[in-house]
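Let's take a walk through this fold together, one neighbourhood at a time. Please have the viewer ready so that you can follow along.

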Amino acid sequence: MTQGFSVEAFQARLRTRYVGRRFLYHERLPSTQDAARQEAEGGALEGTTILADQQTAGRGRLGRQWVSPPGANLYFSVVLRPAAEHLRTLGMIWPMAICQAVGEVTGLPARVKWPNDVLVGPRKLAGVLIDSEFSGDQVDYAIAGIGLNVNLDMSANEEIRDIATSISAELGREVAREEVMATLLHRFEQLYEAARRGQPVHLGWKAHLDILGRPIRVRSGEGVEQGIAEDVEPDGTLILRRPDGSHVRIEAGEVTLKG
Ligand code: BTN
């Protein structure tokens, strides 16, 4: 069963101060990421949020496609204007907010796969894409793009069935996208404001990570590394212990769990 996204139901539930208060809804867009960039270039206020019921050119990290059929999921982008020192923090706050909101609304135990995928069990539930634009060394704006599989029928989406999941597939029933959305924006705003007050966000993020102490393989710009995920630094950098006992710091990459 597919149902349209009700802006009224979402706005009735929204408890934020500014995130999502300016809310632009589209039935179909190529990508909310591009629409949000246009808004940001035009001077949009921080927190401006663009949600599409369907994307025809949804994109993920590393140039991948993001499967975005209508009537099922959340695809949205938020215009943010963080200080430069909070830019990397966004990539920790969003997956944490997703885990917290999914837990609050459904009770499902979502976890973070470094750096910012959200998984339930071994399968991906949500992804986060942060684009940013600088003027000199100041962040002009950041666009946080979130794709969260809410009521996606996994049996109808064979190409991602083995690697992805949805809330409804895990719960065995559909949930209201509007409630998940309103809860998620609220959780995000709380964490973002805490970070701006100087609270050490990475500790909460670290507590949600499912890789620490486990054998992993990481593909990054420098090649492939294998070892034990030993720790993360406050800025999110991963510290991997190689089989020979040496350590390597990895700032960005794609993790595969090995056991
Ligand atoms: C990932 O690869 O894990 C990140 C996925 C990000 C997908 C979202 S859906 C809303 C926004 N618009 C896009 O085109 N991508 C992001």
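Are Trp94 and Phe188 buried or exposed? Trp94 is buried, and Phe188 is buried as well; here buried means under 20% relative accessible area, exposed over 50%, and partly exposed in between, with a 1.4 Å probe and protein chains only. Before going further, please note that this is a predicted model, in which local features need pLDDT of at least 70 and side-chain atom pairs count only at pLDDT 80 or more, while totals for chains, interfaces and linings use all residues. Residues are numbered from 1 along each chain as its sequence is written, and side-chain values use heavy atoms, with hydrogens and water left out.

A search of the whole structure finds seven aromatic pairs. (Rings of Phe, Tyr and Trp, the last by its six-membered ring, pair if their centres lie within 6.5 Å; planes under 30 degrees apart count as stacked, over 60 as edge-to-face and the rest as tilted.) The pair of Trp94 and Phe188 is stacked, because the ring centres are 3.9 Å apart and the planes lie at 5 degrees. Trp94 sits in helix 3 and Phe188 in helix 5 (residues 177-196), so this pair ties together parts that are 94 residues apart in sequence. Helices (H or I, at least four residues) and strands (E, at least two) are DSSP runs, numbered from the N terminus. Elsewhere, Phe5, Phe10, Phe23 and Tyr25 form one aromatic cluster.

Now look along helix 3 itself. The 20 residues of helix 3 (residues 87-106) should span 28 Å at 1.5 Å a residue, and the end C-alpha atoms are 29 Å apart, which agrees; the expected span is 1.5 Å times one less than the number of residues. Helix 3 is mostly covered, with 15 of its 20 residues buried. Just after helix 3, Gly107 takes a positive phi of about 80 degrees.

Next comes the loop between strand 4 (111-113) and strand 5 (117-120), where you will find Asn116 and also Pro115. The peptide bond from Trp114 to Pro115 is cis, with omega near 0 degrees. Asn116 counts as buried because its relative accessibility is 8%. Leaving aside neighbours within four places in sequence, Asn116 is in contact (heavy atoms within 4.5 Å) with Arg61, Gly91, Pro95 and Val128.

Pro115 and Asn116 bring us to the second largest pocket: they are among the residues nearest its centre, together with Arg88, Glu251 and Ala252. Helix 3 and strand 6 each supply at least two residues of its lining.

Another loop, between strand 7 and helix 4 (167-171), holds Asn149. Asn149 is buried, with a relative accessible area of 4%. Not counting residues up to four places away in sequence, Asn149 touches Trp66, Asn73, Lys124, Leu125, Ala164, Thr165, Ser166 and Ile167. The C-alpha atoms of Asn149 and Leu74 are separated by 6.6 Å, although these residues are 75 residues apart along the chain.

Finally, what about Leu62? Leu62 lies in the loop between strand 2 (49-55) and strand 3. Leu62 is exposed, with a relative accessible area of 56%, and has a positive phi of about 55 degrees although it is not a glycine. Most residues other than glycine have a negative phi, and most peptide bonds are trans.

Methods: On a 1 Å grid over the protein atoms alone, a cavity is a set of points where a 1.4 Å probe fits but cannot get out, and a pocket is an open set with protein on both sides within 12 Å along at least five of seven lines; lining residues have an atom within 4 Å of a point.
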